[in-house]
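Student: I am new to this structure. Please take one part of it and look at it closely with me.

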Amino acid sequence: MSLGVCGQDVFIEGLGVDSGARCQHWSSLVDIVAQRYPCCGRWFACFQCHKALAGHAAERWSAAAFATEAIYCGAGKHLLTISAYLQSQDQCSQCGAAFNPGCREHRALYFTEATHHV
Ligand SMILES: [Zn+2]
Ligand SMILES: [Zn+2]
Ligand SMILES: [Zn+2]
């Protein structure tokens, strides 16, 4: 699924990805976040999609890279930095869209420094 954002195309890979960056693993109304991965620079709808399609183990973002725009908001069709995402209270800091609160439990899969806050 190729999704336009800020004039550039973000190609989000995953199983059954829709225009809101949902996938077959996470398909509720609030599952609208996709992530870029530091290991390959590719975007996936979720870590399970990366596991299924990337062909290599996922790496996590280190704290030094938290200024990277590695989060895609499927509601507002824009990018967020990792730090903005981590500081948001289960909603998008730019467009206010609700994010799945359950994503918090998976932060350690994506971000090394987030391990202590889950
Ligand atoms: Zn990867
Ligand atoms: Zn998925
Ligand atoms: Zn947004």
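Tutor: Lys 77 sits in the loop between strand 5 and strand 6. Strands here are DSSP runs of E with at least two residues, and helices are runs of H or I with at least four, both numbered from the N terminus. This is a predicted model: local features need pLDDT of at least 70, side-chain atom pairs count only at pLDDT 80 or more, and totals for chains, interfaces and linings use all residues. Residues are numbered from 1 along each chain as its sequence is written, while chains are lettered from A and ligands numbered from 1 in the order in which they are written.

Start with the backbone. Lys 77 has a phi near 55 degrees, a positive value in a residue other than glycine. Most residues other than glycine have a negative phi. Now the surroundings. Lys 77 counts as partly exposed because it has 17 C-beta neighbours inside 10 Å. The cut-offs are these: 20 or more other C-beta atoms within 10 Å make a residue buried, 12 or fewer make it exposed, and partly exposed lies in between, with C-beta atoms placed from the backbone.

Asp 90 counts as exposed, because its C-beta neighbours inside 10 Å number 12.

Strand 5 gives the largest share, four residues. The core has 27 residues, and Ala 45, Ile 71 and Tyr 72 touch the most other members.

Take Ile 71. Leaving out residues up to four places away in sequence, Ile 71 touches Val 33, Gln 35, Leu 79, Leu 80, Ile 82 and Tyr 85. A contact means two C-beta atoms, placed from the backbone, within 7 Å.

Last, the whole chain. The protein chain has three helices and six strands. From the N terminus, the order is β-β-β-β-α-β-β-α-α. Of its 118 residues, 31% are buried. Among contacts with a separation of 6 or more, 42% join residues 24 or more positions apart.

Conventions
A nonpolar core is a set of buried Ala, Val, Leu, Ile, Met, Phe, Trp, Tyr and Cys residues joined through C-beta atoms within 7 Å.
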